[in-house]
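Good morning, and thank you for making time for this item.

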Amino acid sequence: MISLMPRLEAVYNKLSPCNTIADIGCDHAYIPIRIIENNLANTVIATDLNKGPLDIAMSNIKKHGFEDRIKTRLGSGLRTLDKGEAQEIIIAGMGGEVIADIIDADKDTAIASTLILQPMNSQYEIRKYLVNNGFKITAEDIVTEGFKVYNIIVAGRGEGEKYENDFYYQLPPYLYSHKNFKPLYDKKMREFVKVVSGLEKSGDTGSEKLLKYKFFLEELKKI
Ligand SMILES: C[S@@+](CC[C@H](N)C(=O)[O-])C[C@H]1O[C@@H](n2cnc3c(N)ncnc32)[C@H](O)[C@@H]1O
C-alpha cells in the first residue's frame with residue numbers, strides 16, 4: 001500500500017466510493033494510486049498543467065501497474081474534464097486563490113461534482129468564494145504535519161451559509177470543536193499578527209487591509 005503523508009491521507013479520507021474521481025494537479029499521483037489500490041473508484045483521471053509532474057505521475061502509475069485504471073491528462077484545471085465525468089474532484093496542494101480561479105474558470109464542471117479541496121493558503125478567500133458562487137461547504141478537516149497545519153474543505157452544489165461577520169470565513173465556528181483547532185488557532189494568530197505588524201512597520205497605517213486584520217485579531221482573541 002502506498003504510504004501517504006498526513007495531509008494527503010486526510011484528503012484521501014474525504015473521498016467517497018464512486019465510478020470516477022479526478023485529481024487536478026496530481027503531480028506524483030499518490031492519491032490516484034491509493035484510490036485504485038483500495039478500489040475506491042473504478043477509474044481515476046489524473047491531470048496536471050505541467051509535463052514534468054505528469055511524467056512523474058505516469059512513471060509512478062506504471063510502477064504500480066495501474067495504467068488501465070488511471071488516465072493521465074495534460075492541461076489546466078477542469079478544462080481537462082467533461083462536465084459530470086468525475087463524481088468527485090480533488091484539487092490539493094495549491095494556493096486557495098489558484099483553486100478558486102480553477103473552479104471559477106469552469107464553474108459548470110465544478111458544480112456538477114463534489115469538490116475535495118486542500119488549499120495551502122487563502123482559506124478565507126476560497127470559503128468566501130464557494131458560498132457566494134452556488135456551493136455549500138459540507139465538511140472540513142484540519143490536519144497537522146509537524147508544525148504545519150492544513151485545511152481540507154469539501155464542497156458541492158448548494159446554498160452555503162453566508163456570514164455577516166467576515167471573520168467566520170477565516171475561522172468558521174464549526175471548526176472550533178475540531179481536535180486540531182488549537183494548532184489552527186495558533187497559526188491564524190501568527191498570521192494576523194504578522195500582517196498587522198508588517199503593515200504598521202511599512203507605515204501603511206490607514207489601509208483597509210490593516211483595519212480588517214486588526215478586526216480579525218480582535219475577533220480571534222474572543223474565542
Ligand atoms: C504542489 S503540487 C501538489 C501536488 C498534489 N496535488 C499534492 O497535493 O501533493 C501542485 C501541482 O499542481 C499543478 N498545477 C498548478 N496549476 C495547475 C492548474 N491550473 N491545473 C492543473 N494543475 C496545476 C502543478 O504543476 C503541480 O504539479
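Leaving aside neighbours within four places in sequence, Ile 90 is in contact with Val 11, Ile 21, Ala 22, Asp 23, Ile 24, Ile 31 and Ile 116; two residues are in contact if their C-beta atoms, placed from the backbone, lie within 7 Å. Before I continue, please note that this is a predicted model, in which local features need pLDDT of at least 70 and side-chain atom pairs count only at pLDDT 80 or more, while totals for chains, interfaces and linings use all residues. Residues are numbered from 1 along each chain as its sequence is written.

Which residues have the most contacts inside the largest nonpolar core? They are Val 11, Ile 90 and Ile 91, in a core of 50 residues. By nonpolar core I mean a set of buried Ala, Val, Leu, Ile, Met, Phe, Trp, Tyr and Cys residues joined through C-beta atoms within 7 Å. A residue is buried if 20 or more other C-beta atoms lie within 10 Å of its own, exposed if 12 or fewer, and partly exposed in between, with C-beta atoms placed from the backbone.

**The chain as a whole**

The chain has nine helices and seven strands. Helices (H or I, at least four residues) and strands (E, at least two) are DSSP runs, numbered from the N terminus. The radius of gyration is 19 Å, close to the 17 Å that the globule rule gives for 223 residues, so the chain is as compact as a globular protein of that length. Here the radius is taken over C-alpha atoms, and the rule is 2.2 Å times the number of residues to the power 0.38. Along its principal axes, the C-alpha trace spans about 55 × 35 × 35 Å. Of the 223 residues, 37% count as buried. Among contacts between residues at least 6 apart in sequence, 67% join residues at least 24 apart.

Most residues other than glycine have a negative phi. Asp 27, in the loop between β1 and α2, has a positive phi near 55 degrees. Asp 27 is partly exposed, with 18 other C-beta atoms within 10 Å. Asn 39 lies in the loop between α2 and β2 and has a positive phi of about 60 degrees although it is not a glycine. Asn 39 is exposed, with 9 other C-beta atoms within 10 Å.

Strand β5, residues 114-119, is mostly covered, with six of its six residues buried. Thr 114, Ile 116 and Gln 118 are buried on one side, and Leu 115, Leu 117 and Pro 119 on the other.

Two strands pair if DSSP finds at least two bridges between them. β4 and β5 run parallel and are joined by six bridges; Glu 88 has Thr 114 of β5 as its bridge partner. β5 and β7 (residues 148-157) run antiparallel, with three bridges between them, and Ile 116 stands opposite Val 154 in β7. β7 also pairs with β6 (residues 135-145) in the antiparallel sense, over 10 bridges. In the hairpin of β6 and β7, two residues separate the strands, and Gly 146 takes a positive phi near 60 degrees.

**Around the ligand**

How many residues surround the ligand? There are 17, and the closest are Gly 25, Asp 27, Pro 53, Ala 92 and Gly 93. A residue is near a molecule or strand if its C-beta atom, placed from the backbone, lies within 6 Å of it. The elements giving two or more residues to this shell are β2, β4 and α4 (96-105). The largest share, three residues, comes from β4. By class, the shell has nine nonpolar, six polar and two charged residues. Ala, Val, Leu, Ile, Met, Phe, Trp, Tyr, Cys and Pro count as nonpolar, Asp, Glu, Lys and Arg as charged, and the others, Gly among them, as polar.
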